[in-house]
Amino acid sequence: MAEIRAEMVANVWKVVAAEGDQVDDGDTLVILESMKMEIPVLAEGPGVVTAMHVAEGDVIQEGDLIAVIS
Amino acid sequence: MLDSVLIANRGEIARRVIRTARVMGIRAVAVYSDADAELPYVSEADQAVHIGPAQPALSYLNAAAIIDAARKTGAASVHPGYGFLAENADFARQVIAAGLVWVGPDPAAIEQMGDKIRARNLMEQAGVPVAPGSRAPVTDEAAALAEADRIGYPVMAKAAAGGGGIGMGVAADEAGLRAAFATARSRAERFFGSPEILIERYVERARHVEVQILGLPDGQVLALGERDCSVQRRHQKVAEETPSPGVSPALREQMLGAAVRVGQAVGYRGAGTVECLVDTDAGSFVFLEMNTRLQVEHPVTELVTGIDLVEQQFLIAAGGSPSFDPAAVRPAGHALELRVYAEDPVRFLPAPGPITRWDEPSGEGVRVDSGYQAGNTVTPFYDPLLAKLCVLGADRAQALARAREAVAAFAVEGLKTNLPFHAELLASPDFVRGDYDTSLVSKLRPR
């Protein structure tokens, strides 16, 4: 199981993957936006998205859980 | 003379405008969002009006709230700074319609230059060199591919209504262009509200050099020297200098002359910047775009000319003459600007957070335009610019030495900044020699 956490304070611009999706290493899970820059958050290995903890428009803090891949 | 101004901006540029307003005896009104209530510019203004929540669309891009704030505070004029509504012709028109003085160029000039394709066509007519590129907007992939075939690869796809490097992509072939076009179009729609794309020949070894112009009420257009802005990451500027080490006196004369023709072609009034690409191999240049506002990096021009550009903006907006003799402008010395960003210095990713310590350098030839102080929190809602560290030296070597000392003395704690990157830049042989182009930062950060 891999927990994907936020590296910085950001707004959630787009949620690309949904719970139940099969993802591969490097697939985009969500796109964050911070300081006028879009930052894709990527899967770090293959698996299934078992939890998506953020929604578009959320403001997340560094360390917040974004998704779980099992 | 104007007696008051509302500054429709935030951070360092709001503070910068307030400083000159104070010297000129102009009452300064600030506006701020929920995120910025604690920033220095809010308390330094004579008056400050809360205009909305943190999201730019609801505050600094909210024209109605800003004009309402100007009315309520009895401000006589509006200074837009840069970014946000600074190059929004509709906003300029609303300001004027509300009976306020717009501290900027005529809205028609903003409009003509805001559309990059229209601007290129206009410049070509005025005899200013432009890179091979689209004469009409491209909105679908097939048309983009056809244009690229006509122009020749490599090409760049960018938003016709865009700016700030957002959504720009380079393509070396068809496959690359399909991807670059899709990205550029989605960014163009999202950030600039228009899907129109410009396809332009990409110059591989290029310096980004711009000319500061000042249009006077009598129609005269002055060129106040150039700035080299080739140190960029993600097509965004990180450091600037004047004069450009890559521009010969003969090329400078041509560029300044072309910039004056650009200004005259649109009847430009006030401070503006003509951006060009200099082909370092060919020693030639092409017009890139014009920014119809005060530029972020205007301080380097101020340092070598001794001219306060914001003061000229106020004087010209009021219909008056500049404070200096146009015939007696003699730039002297060498100036650098280092943009201090809230970002990690290795990957350049945004790093908002609290500022626990903020000690600015000072000393001979050092100028810091900052938007923050210790105790402030940098939020993710706006651009990452914390401060502009500028230095003036008698020559480039002295400017570099002063910049190194100033970077070492700039102490910021609590969040990551790119100050360590600036220390590296100032030590890199290519930069020290002045022999660099827009690929410099990627060379310092090979993947």
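Two strands are said to pair if DSSP finds at least two bridges between them, and this is the sense in which pairing is meant in what follows. The model is a predicted one, and every feature described below is computed from it.

In chain A, an open sheet of four strands runs in the order E1-E8-E6-E3, with antiparallel pairing. Its edge strands are strand E1 (2-5) and strand E3 (22-23) of chain A, each of which pairs on one side only. Further in, strand E6 (residues 47-52) and strand E8 (residues 65-69) of chain A pair in the antiparallel sense over three bridges, and Met52(A) stands opposite Ala67(A) in E8(A).

Chain A also has an open sheet of four strands in the order E5-E4-E2-E7, again with antiparallel pairing. Why is one side of E5 and of strand E7 (59-60) of chain A left without a neighbour in the sheet? Both stand at the edges and have a single partner strand each, so on one side there is no neighbour for either of them in the sheet. For E7(A), the pairing with E2(A) is antiparallel and extends over two bridges, and here Asn11(A) stands opposite Val59(A) in E7(A).

The contact between the chains takes nine residues from chain A and ten residues from chain B. On the side of chain A that touches chain B, strand E2 (10-15) and strand E5 (37-42) of chain A each supply at least two residues. Sorted by class, that side of chain A has six nonpolar, two polar and one charged residues.

Turning to chain B, one finds 15 helices and 20 strands. The radius of gyration of chain B is 21 Å, close to the 22 Å that the globule rule gives for 447 residues, and chain B is therefore as compact as a globular protein of that length. Along its principal axes, the C-alpha trace of chain B spans about 55 × 50 × 45 Å. Of the 447 residues of chain B, 53% count as buried, and among contacts in this chain between residues at least 6 apart in sequence, 64% join residues at least 24 apart.

In soluble globular proteins, nonpolar side chains tend to be buried together. The largest nonpolar core here has 164 residues, and those with the most contacts inside it are Val5(B), Ala30(B), Ala157(B) and Ile197(B). Strand E19 (residues 385-393) of chain B gives the most to this core, with seven residues. Leaving aside residues up to four places away in sequence, Ala30(B) touches Ile7(B), Ala14(B), Tyr41(B), Val42(B), Ala45(B) and Ala48(B).

Helix H5 (residues 107-114) of chain B is mostly covered, since six of its eight residues are buried; among them are Pro107(B), Ile110(B) and Met113(B). Against which elements do the buried residues of H5(B) pack? They pack against helix H4 (89-97), helix H6 (116-125) and strand E13 (284-291) of chain B.

Helix H6 of chain B is also the place of Asn121(B). A residue is buried if 20 or more other C-beta atoms lie within 10 Å of its own, and exposed if 12 or fewer do; Asn121(B) has 17 C-beta neighbours inside 10 Å and therefore counts as partly exposed. Although Asn121(B) and Arg135(B) are 14 residues apart along the chain, their C-alpha atoms are separated by 6.5 Å.

Definitions and conventions. Residues numbered from 1 in each chain as written. Chains lettered and ligands numbered in written order. Predicted model: local features only at pLDDT ≥ 70, side-chain atom pairs only at ≥ 80, totals over all residues. Contact = placed C-beta atoms within 7 Å. Nonpolar A, V, L, I, M, F, W, Y, C, P; charged D, E, K, R; others polar. Rg over C-alpha atoms; globule rule 2.2 N^0.38 Å. Core = buried A, V, L, I, M, F, W, Y, C linked by C-beta atoms within 7 Å.
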